[in-house]
Amino acid sequence: MAQEKMYKAALEAIDQGQTARARDLFTRLLRSDSSQAEYWLWMSTLVDSNQERIYCLESALRVDPDNEAAKRGLIILGAREPGKEVTPVPPIRRNWEKANVHVAEPPNSFFRRIWDNRIFRFGSMALAGLVVVGLILLTMNGLHRQPAQELVVYKVSPYPTRTTEPTITPSPTRTFAVRSPTPTYIGATALW
């Protein structure tokens, strides 16, 4: 009775994906009763290496020489040559009307997958908002501007330019200071 409970617990552990726990339970079962071929078959699915799998399947064949699953497993692993005594596995027939089949939705398009990304959606909305605000500010400030005045650019060169034409330099002349009898008024301009 205890072995049946342990066997059911091991199968539940396999269904839940707890391979370490299932391996431990089947190891305990095999220590208590190693004459069960079914224990050896399940243990072959839980071990890590192919050598351990072959050992478990060979042990299952020692206990039950007519075990088809153990023979097929050894043939698949390459431990035995296929012979005429092994029958092929019958195909699995399913009743699709009774099966609870989940119909997968078609994959989303590239743009839909990008749009489903929250970060991209927030960033694109923020960028669109900035563009709209920028266009509004541009139209408000751009309509009242006066046309730009002409810009004069002088080109300054650090190197002297050479001219082939002779230049005339005026000689300094004397200018005479003319003194008038009327004194020069320094101050604001008179209204008259």
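1. The expected span of a helix is 1.5 Å times one less than its number of residues. This note applies that rule to a predicted model.

2. Helix H1 comprises 14 residues, and the distance from its first C-alpha to its last is 20 Å, close to the 20 Å expected at 1.5 Å a residue.

3. Within H1, the residues Tyr-7, Ala-10 and Ala-13 are buried. They lie on the same side of H1 because the arc they cover around the axis is only 120 degrees. The face of H1 turned away from this buried side bears Lys-5, Lys-8 and Asp-15, which are exposed.

4. The buried residues of H1 pack against H2 and H3. Just after H1, Gly-17 adopts a positive phi of about 85 degrees.

5. The buried residues of H2 are Ala-22, Leu-25, Phe-26, Leu-29 and Leu-30. Their arc around the axis is only 135 degrees, and they therefore fall on the same side of H2. On the other side of H2, Ala-20 and Arg-31 are exposed.

6. What covers the buried residues of H2? The cover includes helix H1 (2–15) and helix H3 (37–46).

Technical notes. Residues are numbered from 1 along each chain as its sequence is written. This is a predicted model: local features need pLDDT of at least 70, side-chain atom pairs count only at pLDDT 80 or more; totals for chains, interfaces and linings use all residues. Side-chain values use heavy atoms; hydrogens and water are left out. Buried means under 20% relative accessible area, exposed over 50%, partly exposed in between (1.4 Å probe, protein chains only). Helices (H or I, at least four residues) and strands (E, at least two) are DSSP runs, numbered from the N terminus. The arc is that of the directions from the helix axis to the C-beta atoms. Contact means heavy atoms within 4.5 Å.
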